[in-house]
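Dear colleague,

Please read them with the model open beside you.

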Amino acid sequence: MKFIRIKAIAKKEMLQIVRDPLSLAMGFLMPVLLLFIFGYAISLDVDDITTIVYDQDRSSMSRALVADLSASGYFKVVRYAEREQEIEQYLDAGTARVGLTIPVAFARDLRGGRVTQLPIVVDGSDSNTATIALGYFAALTELYARRISPVPVQALIETRARVWYNPELKSRNFIVPGLIAVIMMVIAALLTSLCIAREWERGTMEQLIATPVKTPELILGKIIPYYLIGIVDMGLSIAMATLLFEVPFRGSLLLLTVISTVFLFGGLSFGIIISIITKSQIVSSQISVVATYLPAFLLSGFMFSISNMTRPLQVITHVIPARYFVAILKGLFLKGSTVRVLYTEALFLLVFGVLTFAVANKKFTKRLG
Amino acid sequence: MEERAAMVQRSVERIKQLIIKEFIQVFRDKRMKAIVFVIPLLQTMVFGYAVTMDVNNIPTAVYDLDRSYESRELVRRLTASGYFDVRYRPGSPAEVRELLDRSKVTFALQIDRGFSKDLKRRVPASVQVIVDGTDSNTGIVALDYANRIILKYQRDLSTTRPAQAVRIDLRQRAWYNPELRSKNYNVPGVIAMVIMLTSLLLTSMAVVREREIGTMEQLMVTPLRPAELILGKTIPFAIIAFFDMVLVTVFGVLLFDIPINGSLALLPLSTAIYLLSILGIGLAISTVATTQQQALMSTFLFYMPAVLLSGFMFPIENMPEVFQYLTYLNPLRYFLIIIRGLFLKGNGLDILWPQMAALFVIGTVVITLSAVRFRKRLG
């Protein structure tokens, strides 16, 4: 391997990148845009759940219950129904997610110490929001019951709950670190998955073949410029995450840089493999989306926790590099983890990088036809 | 009159030939056939199996300092609920910390010494719950579950007679998706996603490739008119999109038992209206991009925000108001409401027509604008 030849290829690739400022700009815009959306627009915190209340009782006690619900901030009463059918209409049309009926004898039963039934319907189509809404509702009615209870409810068990690492349970702190891993994987693959196929399609591969450049030199030379873009993206993302979104970063920046380099190396080599195998940009683009973006987004534990998946799928996640990078980033940001805790994950990324680079070398044949 | 009919016939013939050429070109690469088939299947599987916010099997550590009948009973109830999976029994607080640090568990329950004695003496007995807040969603749900289980246990132990206490019995029902299966919510949405990604990429790249390789000039010297070129370049991908729509529906019903409560006839109709926008955007990208690399990047740059701001995974009501208004421009938003309404709620035209109308208006505007731009770029 000669350094000068790697440098020459890297320079050529760099020139090509610079001459396509649109692609380059998009390469930098992508992480900014995604972080922006996830940081500002998307929240998993469920509040202001649209609610329709059919209060048949119209007593001070039923009004107090509804007031408690609204005051919690979790429920937003969008309508007081006049008839029962209205609940169905509102849920059908999606204008309300929760329908609460307070029966006629609500206040009387409560005062009489009888069991009061409280029918609540929830739009189950979004099962996540529905589950959380029902949970909030149960907790709020429990509080309400305790508040109005004539006999003080005896607390037998005292639960002291503590939340570590993200005490306010902010979904932003949970999403942003993992998102950086997803962005890196997507960027790495999008950038390189076309870069060999392009040479084949345009016919410039013949010229490269005619040069004395060796396969590993060619691949390394192709990777280096994209690595630079990737690492700049990484810096951008970290800056946005900590400065703009105030996600705490408790680990070591040096460790992050080292691990990101290893991860990018693997991701970029993976994109190159796709590009080498397909030799066609249109096929390459389709495959790279399925092979990188989907797994990185959905199977990495970035947002959807792996312990909830079915067994076979859990096994599959073990070969998804983004899974390890997500774990590392979450550890570095929120837990302040050190090498001692993260070394298995880091080791896996290293193996992935070496393996993909080796496969890329093996798959590339410096021959026409 | 006859002349006109002949002209139309010739035009149709030219479009047909272009469509045939396009199909030959796309499928000449045998791998494309597999891709068109495999991508919808994979996405249905992944979204059906993986994308769930349902929280169960929370990896749990129990640090039981009391080791009494009562403490074991509490742990048993935790396990029996199905929400908690007790994997570790650490022997010291340091071990608890280590397990949470290493993300081996996300939930830890510590039952203090004297738990059973306190319970018997009617003094508040104490338990400590520690949640890994890294995953805020799981954290909230886990806390809620744990609280409910502990409250229930406490109530069962309580000697206060029900007559004295206020008792409210919640009768919860979930409509449209009674078992609250997230598959039912996600899988119909996959139709919208697959169509969007596949059609966008194929349309934009197919046009740009002609330009990149230089075969666009050859197309220009044929008698093809711009409008015919546009139709010939979009219809093949519309056909593939319809094929994918059918595939996802069949997979969803067969693999995941997704209910179809509404009229299936509305599905192709709304897909067609949805495609107006998607193909229009694909065309627009092809007028901006000059290389396939650019086409791929721009597609992604459009696709990601469109998916994230559509209500596919993240409810629109949770977004800040500005973004909520922005979603009204997103064709995906309307199509998702339509397909979910069709599959889960059994909605008909009477409820869905405003969505369809909005989708139609957006589609018409998008496709007209991009067709105009496309013609300009040709000339």
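The secondary structure of chain A comes to 15 helices and five strands, where helices (H or I, at least four residues) and strands (E, at least two) are DSSP runs numbered from the N terminus. Please keep in mind that this is a predicted model, in which local features need pLDDT of at least 70 and side-chain atom pairs count only at pLDDT 80 or more, while totals for chains, interfaces and linings use all residues. Residues are numbered from 1 along each chain as its sequence is written, and chains are lettered from A and ligands numbered from 1 in the order in which they are written.

To begin with chain A, it is divided into domain 1 (3–42 + 170–363) and domain 2 (49–148), with bounds that come from an automatic or database domain assignment. The C-alpha centres of these two domains of chain A lie 48 Å apart, and the C-alpha trace of chain A spans about 95 × 45 × 40 Å along its principal axes. The radius of gyration of chain A is 28 Å, whereas a compact globule of 369 residues would have one near 21 Å; this radius is taken over C-alpha atoms, and the globule rule is 2.2 Å times the number of residues to the power 0.38. Buried residues make up 49% of the 369 residues in chain A, a residue being buried if 20 or more other C-beta atoms, placed from the backbone, lie within 10 Å of its own, exposed if 12 or fewer, and partly exposed in between.

Chain B has 14 helices and five strands, and its radius of gyration of 29 Å is well over the 21 Å that the globule rule gives for 379 residues, so chain B is more spread out than a compact globule. Its division is into domain 1 (2–51 + 181–378) and domain 2 (58–157), whose centres, taken over C-alpha atoms, are separated by 49 Å. Of the 379 residues of chain B, 48% count as buried.

Turning to where the chains meet, 100 residues of chain A are in contact with 104 residues of chain B, two residues being in contact if their C-beta atoms, placed from the backbone, lie within 7 Å. Helix α6 (residues 127–148) of chain A supplies the largest share of the side of chain A that touches chain B, namely 13 residues. That side of chain A divides into 56 nonpolar, 30 polar and 14 charged residues, with Ala, Val, Leu, Ile, Met, Phe, Trp, Tyr, Cys and Pro counted as nonpolar, Asp, Glu, Lys and Arg as charged, and the others, Gly among them, as polar.

A:L294 counts as partly exposed because it has 19 C-beta neighbours inside 10 Å, and, leaving aside residues up to four places away in sequence, A:L294 touches A:V289, B:Q43 and B:V46.

With best wishes
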